[in-house]
Amino acid sequence: IEAITLGNSAVTNLVALNFTKAIKEINKITDDQNVKFRCFICHALNNKSLHEWLILLGSDKAIVSKYYEDESIFINMICVHKIADILIKLNEYEFDLDLAFEQK
């Protein structure tokens with residue numbers, strides 16, 4: 001996963017820092033892109049960050065335009081925020097998902 005452009009706020013910078021640490025950890029686990037994606041989701045759920053990371057990724061237009069077509073809902077930040085609003089409800093639950101399990 002590529003580096004993302006940081007926003008101006010301290011919250012955005014903290015989210016980006018946590019995101020970057022997670023990506024570095026995941027990249028040490030495997031080279032398999034499918035496993036990386038599953039580890040990313042597990043890591044985000046464990047840390048109650050999935051909704052924040054989605055917004056962070058969606059706000060980086062360079063990455064979004066590189067990986068998504070113009071018709072994608074991920075291009076539209078209103079849609080990204082609506083999805084994040086749904087995902088934040090997962091924070092009510094405690095997750096302790098083992099990233100190493102995703103390698104199997």
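A residue is called buried when its relative accessible area is under 20%, exposed when that area is over 50%, and partly exposed in between (1.4 Å probe, protein chains only). By this scale, Phe19 and Trp53 are both buried. The structure is a predicted model: local features need pLDDT of at least 70, side-chain atom pairs count only at pLDDT 80 or more, and totals for chains, interfaces and linings use all residues. Residues are numbered from 1 along each chain as its sequence is written, and side-chain values use heavy atoms, with hydrogens and water left out.

The protein chain holds five helices and zero strands. Helices (H or I, at least four residues) and strands (E, at least two) are DSSP runs, numbered from the N terminus. The pattern along the sequence is α-α-α-α-α. Of the 104 residues in the protein chain, 32% are buried. A contact means heavy atoms within 4.5 Å. Among the contacts in the protein chain with a separation of 6 or more, 57% join residues 24 or more positions apart.

Confidence is given by pLDDT, the predictor's score for each residue, from 0 to 100. The protein chain has a mean pLDDT of 86, and 87% of its residues reach 70 or more. Among the elements, α5 has the highest mean pLDDT (95) and α1 the lowest (85). Residues 1–6 have pLDDT below 50, and this stretch has 17 contacts in the model beyond near neighbours in sequence. Where pLDDT is low, the predicted coordinates should not be read in detail.

Helix packing comes next. Two packed helices are described by the angle between their axes and the distance between the axes. Axes are lines fitted to C-alpha atoms, for helices over the stretch in contact, and angles run from 0 to 180 degrees between N-to-C directions. Angles under 35 degrees count as roughly parallel, over 145 as roughly antiparallel, 65 to 115 as roughly perpendicular and the rest as oblique. The axes of α2 and α3 come within 8 Å and cross at roughly 125°. Helix α2 is therefore oblique to α3. On the α2 side, the contact is made by Phe40, Ile41, His43, Ala44 and Leu45; on the α3 side, by Leu50, Trp53 and Leu57.

Helix α3 also packs against α5. Their axes come within 8 Å and cross at roughly 170°. This makes α3 roughly antiparallel to α5. Helix α3 contributes Leu50, His51, Leu54, Ile55 and Gly58 to the contact, while α5 contributes Met77, Val80, His81, Ile83, Ala84 and Leu87. Seven of the nine residues of α3 are buried, so this helix is largely enclosed by the rest of the structure. The buried residues are Leu50, His51, Trp53, Leu54, Leu56, Leu57 and Gly58.

Aromatic rings were then examined. Rings of Phe, Tyr and Trp (its six-membered ring) pair if their centres lie within 6.5 Å; planes under 30 degrees apart count as stacked, over 60 as edge-to-face and the rest as tilted. The count comes to four aromatic pairs. The rings of Phe19 and Trp53 have centres 5.6 Å apart and planes at 85°, so this pair is edge-to-face. Phe19 sits in helix α1 (residues 10–29) and Trp53 in helix α3 (residues 50–58), 34 residues apart, so the pair links distant parts of the chain. Tyr68 and Phe74 form a tilted pair, with 4.7 Å from centre to centre and 45° between the planes. Tyr68 is partly exposed at 39% relative accessibility, whereas Phe74 is buried at 11%. Ring pairs also join Phe19, Phe40 and Trp53 into a cluster.

A salt bridge is a side-chain nitrogen of Lys or Arg within 4 Å of a carboxyl oxygen of Asp or Glu. The whole structure contains one. It joins the side chains of Lys48 and Glu94 (3.4 Å, N to O). Lys48 lies in the loop between α2 (33–46) and α3, and Glu94 in the segment after α5 (77–87), so the bridge ties together parts 46 residues apart in sequence. Lys48 is partly exposed at 25% relative accessibility, while Glu94 is exposed at 69%.

Finally, Cys39 is found in helix α2. Cys39 is buried, with a relative accessible area of 0%. Leaving aside neighbours within four places in sequence, Cys39 is in contact with Ile26, Ile29, Leu99 and Glu102. The C-alpha atoms of Cys39 and Ile29 are separated by 8.9 Å, and the two residues are 10 apart along the chain.
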